[in-house]
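Hello! Could you walk me through this model, starting from its ligands?

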Amino acid sequence: MKPIILVTGANGQLGSVLIPALRNRYGTDNVIASDLRGRTDQEERFEVLDATDEDRMTEIVRRYGVTQIYHLAAILSANGEKNPVRTWDVNMQAFLNVLEVSRKERIEKVFYPSSIAVFGESAPLENTPNDAFLDPLTSYGISKAAGENWAKYYFVKYGLDVRSVRYPGVIGYQSDPGGGTTDYAVEIFHYAVREQPFSCFLNPDEKLPMIFMDDAIRATIELMEAPKESITNRSSYNLAGLSFSPAELTAAIQKHCPDFRVSYTPDDRQNIAAKWPNSIDDSAARTDWGWEPEYKMEELVETMLTNLRKKYEHEKTRLNQLTAEV
Ligand code: NAD
Ligand code: AKB
């Protein structure tokens, strides 16, 4: 039987790409998108849901007969530091609601996206192991690490099938990032395509783990469809795609756009990035559920540039048409 899926935080960078992927796979009617506010281009099967509101979540789950929840709603690292206590409150309350509603309503499976932000000063920077000690230094990272423990707690205590990956920075042309430390690696492409100079908020040599959007979406669905007995990690799996610094990404873009210029004005986000891994070891995900990323640097850069050029070209044509009509 096809699952009936509720996605929280569906309007964000990941949700707006995950929703069509899930609908493609399980049918439009079986995927209910939800977020704090509606979106005109995504009104089909959409519910306004503040994930910190347990009663409303329960009502939606019952009304649609939801069998799985993908819980994307969160405040990310850089935005989170502007109001750390609120970030903790929102991220924790929303996830605890998902767990409680899932337990009470007998939800079959829950997806919980954790992050490389769970790592801090104690973890080795290179090839960070899955079971490295977690001492994050952002409110967002603290909430994600606590969430991993709650995920395991609900599995052990109640048998709730919660599955989780620690996404690295996600890079895609399809949507805009929502206030994270890895956002530069998306923004830079928009500047390159518009032939504008880019000012980077990280140091040129600040290497971070990243993943192309299509790989991140595929990993999510593969993890959720893996046989239950293959999931040996009930807190969260490290997930790797590729790792690079802003200088390395700039050089790769300059192969296609030789006149593209980048300057560096590191801000508070550099302090966050400095504590995160340079690269992560995802061998547990590879062994347990066959994870294998497809996109390397060259394919990622080409795909981003090609698709963003099309996007801007389409917008320009549309604007010209509208101007001609007036
Ligand atoms: P995003 O910031 O783009 O989107 C988050 C969405 O959550 C937004 O649409 C926002 O309106 C919504 N939201 C915030 N508070 C809410 C609430 N109380 N109730 C309902 N909705 C609420 O984030 P994203 O990049 O799409 O990330 C999705 C998930 O993946 C998050 O949990 C994030 O921590 C995790 N993650 C993302 C990345 C990345 O690089 N994008 C990396 C690691 C982990
Ligand atoms: C962020 O930078 O906050 C996110 C993440 C890696 O969790 N992209």
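Me: What should I know about the model and its numbering before we start?
Reply: This is a predicted model, where local features need pLDDT of at least 70, side-chain atom pairs count only at pLDDT 80 or more, and totals for chains, interfaces and linings use all residues. Side-chain values use heavy atoms, without hydrogens and water, chains are lettered from A and ligands numbered from 1 in written order, and residues are numbered along each chain from 1.

Me: Which residue has a side-chain N or O atom 2.6 Å from an oxygen atom of ligand 2?
Reply: The surroundings of ligand 2 (residues with a heavy atom within 4 Å) include Leu 76, Tyr 140, Gly 180 and Trp 276. Polar contacts are pairs of N or O atoms within 3.5 Å. Thr 181 has a backbone N or O atom 2.6 Å from an oxygen of ligand 2, and a polar side-chain atom of Thr 182 is 2.8 Å from a nitrogen of the ligand. The side chain asked for belongs to Ser 115.

Me: How many residues in the shell around ligand 2 are charged?
Reply: For this count, Asp, Glu, Lys and Arg are charged, Ala, Val, Leu, Ile, Met, Phe, Trp, Tyr, Cys and Pro are nonpolar, and the others, Gly among them, are polar. The shell of ligand 2 has four nonpolar and five polar residues. The number of charged ones is none.

Me: How much of the accessible area of ligand 1 does the protein bury?
Reply: Around ligand 1 there are 26 residues, with Gln 13, Leu 14, Asp 35, Ala 51 and Tyr 140 the closest. Oxygen atoms of ligand 1 lie 3.3 Å from a backbone N or O atom of Gly 12 and 2.9 Å from a polar backbone atom of Leu 72. Alone, ligand 1 exposes 830 Å² (Shrake-Rupley method, 1.4 Å probe), and the protein buries 90%.

Me: Which kind of pair do Tyr 153 and Tyr 158 form?
Reply: The structure holds 14 aromatic pairs (Phe, Tyr or Trp rings, taking the six-membered ring of Trp, with centres within 6.5 Å; planes under 30 degrees apart are stacked, over 60 edge-to-face, the rest tilted). The ring centres of Tyr 153 and Tyr 158 are 6.5 Å apart and their planes meet at 75 degrees, so the pair is edge-to-face.

Me: And why is the pair of Tyr 173 and Phe 212 called tilted?
Reply: Their ring centres are 6.5 Å apart. The pair counts as tilted because the planes lie at 35 degrees.

How values were computed
A polar contact is a pair of N or O atoms within 3.5 Å; within protein, one must be able to donate a hydrogen and the other to accept it, and residues adjacent in sequence count only if both atoms are side-chain atoms.
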